[in-house]
Amino acid sequence: MQTRALPALAGVTLALTLLAPAPRAGAQQQTQQELSVERIFGSGDFRLQSLPALHWMNDGQRFSFVQADSSGATDLWIEDARTGRRTRVVEGRALMLTDQTRPIEIEDYAWSADERKLLIYTNSQPVWRQNTKGHYYVLELAGGRLTPVSTRPGWQQFAKFSPDGTRVGFVRDNDLHVTDLATGSETRLTRDGSETVINGTFDWVYEEELGVQDGWRWSPDGTRIAFWQIDQSAVKTFYWINDTRDVYAEPVSLRYPKAGSANPTARVGVVALAGGDVRWMDTGADREVYLARLEWAESPGELVIQRLNRHQNRLDVLLADAATGRSRVLFTESDPAWVDVDEDLRFVNGGRQLLWTSERDGHNHLYLYNRDGTLARQLTRGAWEVVQVTAVDGRGGWVYFTATEEGPAQRQLYRVRLDGSGFAQVSTEPGTHNVLMADGSPFYLDAHSRAGVPPLTRLHTAAGEPVRTLVDNTRVRDLLAGAGLGAQEFFTFRTSDGVELNGWMIKPPGFDPSRKYPVVLYVYGGPGSQTVVDSWGGSRYLFHQMLAQKGYIVASVDNRGTGGRGREFEKVTYLNLGQYEARDQIEAAQWLARQPYVDAARLGIWGWSYGGYMTALTMMQPSSPFKAGISVAPVAHWGLYDTIYTERYMRTPQENPEGYRRSAPTENAANLRGELLLVHGTGDDNVHFQNSVQLADRLQAAGKQFTFMAYPNRTHSISGGRTSLHLYTMLANWLEQNL
């Protein structure tokens, strides 16, 4: 699940977007510098700078990136990390085939192994759901020769150079293809791709909930390709209606497995470029398993496959023989609740060992395994979490990773040796460090931000010493300094049963502790998530600052079930979503209400996706103190959401019927307290509009009045065109009218 909104329905109040009076307490006088919905979502004032399509070169001492010139054409540059010298290696205006009138836009690219060729990705048209489809071109840098990877009709997906750079493989129409760059000949390697059989990429639920899109891998010697095949023929089709295109509505369909229903099945195959049948890997007799990850095991002869059972509480790491298909279990990760899948498996020491992360000691830490599956050692320990492996320096024997050792709101860079010694913090400035580092590089790039402070991208040595600033976002920082923003303060409090929770609040500019202010509590609260982090919050943060300028205190609290604080804190919600979370949000509101500067009669709550679910369910609890709440794109009953996400935390509806009933806003609709605004996009392929329709039906049956705003054919992000302007204007005005 990702936080990824008609006319009024019968019996429901239409949401208005008229200007409303300011809140009664603490409203600030408008100035030209203050924030507005138009400034935040329409003007581009706060658009950040970055280095798009950033890639380290082979030597780890140069990096490349894309930069648009004055005409909008995309140039490719290389910067030497040691000297700072920049060289333009591709002039975007020259990227045209003979039959083209506009240059090809470089949206992303990949270098060949010898760095003499570029594989350029462009997508000139929006594609449903994700920009994974497009067109690819090969550019030979020496002569400037530009050729399309394929001249046949159709999109290409996930194109990649072969290890020797002589071929490019890609997916088209759910089949694998390879183009020989010397001859231009194209070979189709699989022939059973269809709407139901998917080779080399994924269906909706694998992509959304297991985080995989690119479903194939070159062998290290370039003679074979390993790939996933997904069969979604057993998955039922979900339909919704697009009413915006013509006189007659158009049905839209998507194979979407709801909790407890039939899943897609997966298998892993290896196909040789020379031809012949696909060799299928033995992943066991259970067709209900998820094949969550796949890589070549640092050799052309073996694959490492991560096999996850449907309950997602057992993860087997398999080593499979690519020639015979035979496999064996190297080791198993298990948990009474669930096991998370990540990207941290790395082969090290020439493929003789591999890195792994596990919560087995109560916190997510690094472990080193031998290739035969035996545990060599645990590398990190402590009451904190390893967040992500960043890079491995094989020569120096270092592993670099980000972690929460400085606290759950922090993301700092650390390193430890493969023998378990030398643990040290590398980054020094408080906040969040998003690090890009090449294996073995003496440098890393760090996009560092703090709460209320936009990212600053800086080059550092591997020891953490700053070299130079690459992007400082000074323009946005100056605008923020002149906007009269309130301070974002972090706080903690203890629940009635003694659990300490973390939160932040933004107070109105010119805060007067002798006055009483209304509070808006922002919630997400889903498993493993965090809203209380010391990092730049983007447009959502600016919207909250705008509310503060209108006289609200805006706050957010990470309830039990969220991440960054260990296994026990996160997995206490297992089989019982919503209960601890709602209780904690209510106690957060009650704690805020006891502060002398808070108007206890004017407490509000809002959230999106899981946060929309949390808003609705929390307002249906007997002890809810909220006067008003906004629920955007909520899950109304977990039986309406997908298999992988829902069953990970709740098992199936057949196994846990009471948990599903207890956790559902539809089952608790008669208990709604306070004013509710329900918002949803009718084209939401993630949390279907069906959720809000069924919730509206139950609220109406219970005689509960509420406000409903539907956004025609908008997805889960409720965006596009001027949609965000309309949405956030409505949210702000509704709060002013009801809080």
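1. Over residues 2-32 the pLDDT stays under 50, although the model has 86 contacts beyond four places in sequence for this stretch; pLDDT is the predictor's confidence in each residue, from 0 to 100, and contact means heavy atoms within 4.5 Å. Residues 126-130 also have pLDDT below 50, with 11 contacts beyond near neighbours in sequence in the model. Where pLDDT is low, the predicted coordinates should not be read in detail. For the protein chain, the mean pLDDT is 94, and 95% of its residues reach 70 or more.

2. A word on the basis of these remarks: this is a predicted model, in which local features need pLDDT of at least 70 and side-chain atom pairs count only at pLDDT 80 or more, while totals for chains, interfaces and linings use all residues. Residues are numbered from 1 along each chain as its sequence is written, and side-chain values use heavy atoms, with hydrogens and water left out.

3. The largest nonpolar core has 101 residues, and those touching the most other members include Met1, Tyr206 and Trp638. Such a core is a set of buried Ala, Val, Leu, Ile, Met, Phe, Trp, Tyr and Cys residues joined through side-chain atoms within 4.5 Å, where buried means under 20% relative accessible area, exposed over 50%, and partly exposed in between (1.4 Å probe, protein chains only). Apart from this core lies another, of 41 residues, among them Ile506, Leu542, Met730 and Leu735.

4. Strands (E, at least two residues) and helices (H or I, at least four) are DSSP runs, numbered from the N terminus. S44 pairs with strand S43 (residues 675-681) in the parallel sense over five bridges, and two strands pair if DSSP finds at least two bridges between them.

5. S29 and strand S30 (residues 398-403) pair in the antiparallel sense over six bridges, and Val389 stands opposite Phe401 in S30.
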